[in-house]
Amino acid sequence: MNSKLRLAKTISTFTNPPIICIPLFFIISLVLSLNNLWDFPLMELISIIFASVLPMAIILYWAKKTGNDKDISNREDRFTPLIVGTVSYFIGFLVSWTLGLSDFLTFLFLCYTINTFIVMIITRQWKISIHTTGLSGPVCALIILLGPIGAIFALLYPVLIWSRVTLKKHTMAQAIAGGVQGFFLTAIEMFIFISVFNLNVGNIYPVLYVFAFILAIIFTPVVLGIFSYRKIANALIFYLVEIIGFCFFLAVTPIDVTVIFVLTTIVSIYIANYAGERFDWYNVIR
């Protein structure tokens, strides 16, 4: 196995949804408990159990019994693990609600439940990436809570796209779509829940600001994906589109949103260069 494949495998392993959610939920729980740090241990415990340990333990046991790999590579075999995830997240929602924990954390579990169920429905026809969905959901929550600081974690998104495509676990479209779905669904659901149920979530970033960050994050990976799909190997056109995107974000969004756009673009271009000719993005930017 060459160095690029080893790196892609390492990234894929540590961004597996039950694993990547551990540090991300740690930050979410810490932020939510800043006014009362005594709430942190319980929120973190509930998060680890129902977002990570329980679904991971059951899925690994099921994979071993059925002879599946840890990624559950076959689309047809993903129904059971997704059901397990959906049930675990919903139990987490019920437990968090019963214990009177943070409204934000409680309804984030409900977002996880809904999004995983939607992924399960999509997976019956198309192998959308669970990895990029699993990354984008909690990162979106961090953006709602922390704005530009939370958006920094989204720089993993183009890296993860490369990893999953390089390992031949997903097509480019499947890897990109998982992230797009996770970002938008989580944001839409959270703001609907906050509005409908009048949730006490403290100081969060405004809805338009959050969606501006999401657009800034997905813009370049989506453009590279479209160019790759359409076989448009023209660097001049690509960079022209990127300049137009930069001007748009600079004109209509706060400067920190533009900075995230620039950083995501730099990371995406760097990944394309590092990946080389076997990765479709490379042919777009060269």
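Modeller: Start with helix 2 (residues 17-32) and helix 5 (residues 103-123): their axes come within 10 Å and cross at roughly 150°. An axis here is a line fitted to C-alpha atoms, for helices over the stretch in contact, and angles run from 0 to 180 degrees between N-to-C directions. Helices (H or I, at least four residues) are DSSP runs, numbered from the N terminus. Before we go on, this is a predicted model, where local features need pLDDT of at least 70, side-chain atom pairs count only at pLDDT 80 or more, and totals for chains, interfaces and linings use all residues. Residues are numbered from 1 along each chain as its sequence is written, and side-chain values use heavy atoms, with hydrogens and water left out.

Colleague: How do helix 2 and helix 5 run relative to each other?

Modeller: Roughly antiparallel, helix 2 to helix 5. The cut-offs: under 35 degrees is roughly parallel, over 145 roughly antiparallel, 65 to 115 roughly perpendicular, and the rest oblique.

Colleague: Which residues in helix 2 and helix 5 meet?

Modeller: From helix 2, Cys 21, Phe 25, Ile 28 and Leu 32; from helix 5, Phe 104, Leu 105, Leu 108 and Tyr 112. Contact means heavy atoms within 4.5 Å. By class, this contact of helix 2 with helix 5 has 8 nonpolar residues, no polar and no charged ones. Nonpolar covers Ala, Val, Leu, Ile, Met, Phe, Trp, Tyr, Cys and Pro; charged covers Asp, Glu, Lys and Arg; the others, Gly among them, are polar.

Colleague: Switching to cysteines. How many disulfides does the count come to?

Modeller: The count is 0 disulfides, taking a disulfide as a pair of cysteine sulfur atoms within 2.5 Å. Cys 21 is in none, and the nearest cysteine sulfur, that of Cys 111, is 15 Å away.

Colleague: Cys 21: buried or exposed?

Modeller: Cys 21 is buried, at 1% relative accessibility. Cys 111 is buried too, with a relative accessible area of 1%. Buried means under 20% relative accessible area, exposed over 50%, partly exposed in between (1.4 Å probe, protein chains only).

Colleague: What does Leu 142 touch?

Modeller: Leu 142 is in helix 6 and is buried, with a relative accessible area of 0%. Not counting residues up to four places away in sequence, Leu 142 touches Leu 24, Ile 27, Ile 28, Gly 147, Gly 150 and Phe 153.

Colleague: What do the buried residues of helix 4 pack against?

Modeller: They pack against helix 3 (40-66), helix 5 and helix 6. Among the buried residues of helix 4 are Pro 81, Leu 82, Tyr 89 and Phe 93. Helix 4 (residues 79-98) has 20 residues and reaches 29 Å from first C-alpha to last, close to the 28 Å expected at 1.5 Å a residue. The expected span is 1.5 Å times one less than the number of residues. Gly 100 follows helix 4, with a positive phi near 70°.

Colleague: Where does Asn 198 lie?

Modeller: In the loop between helix 9 and helix 10 (207-229). Asn 198 is not a glycine, yet its phi is positive, near 50°. Most residues other than glycine have a negative phi. Asn 198 is exposed, at 67% relative accessibility.

Colleague: What about Lys 231, where is that found?

Modeller: Lys 231 is in the loop between helix 10 and helix 11 (235-252). Lys 231 has a positive phi of about 60° although it is not a glycine. At 67% relative accessibility, Lys 231 counts as exposed.

Colleague: Last one. Phe 14: buried or exposed?

Modeller: Exposed: Phe 14 has 55% relative accessibility. Phe 14 lies in helix 1 (residues 3-14). Beyond residues up to four places away in sequence, Phe 14 touches Ile 19 and Ile 20.

Methods:
Helix = DSSP H or I, 4+ residues; strand = E, 2+ residues; numbered from the N terminus.
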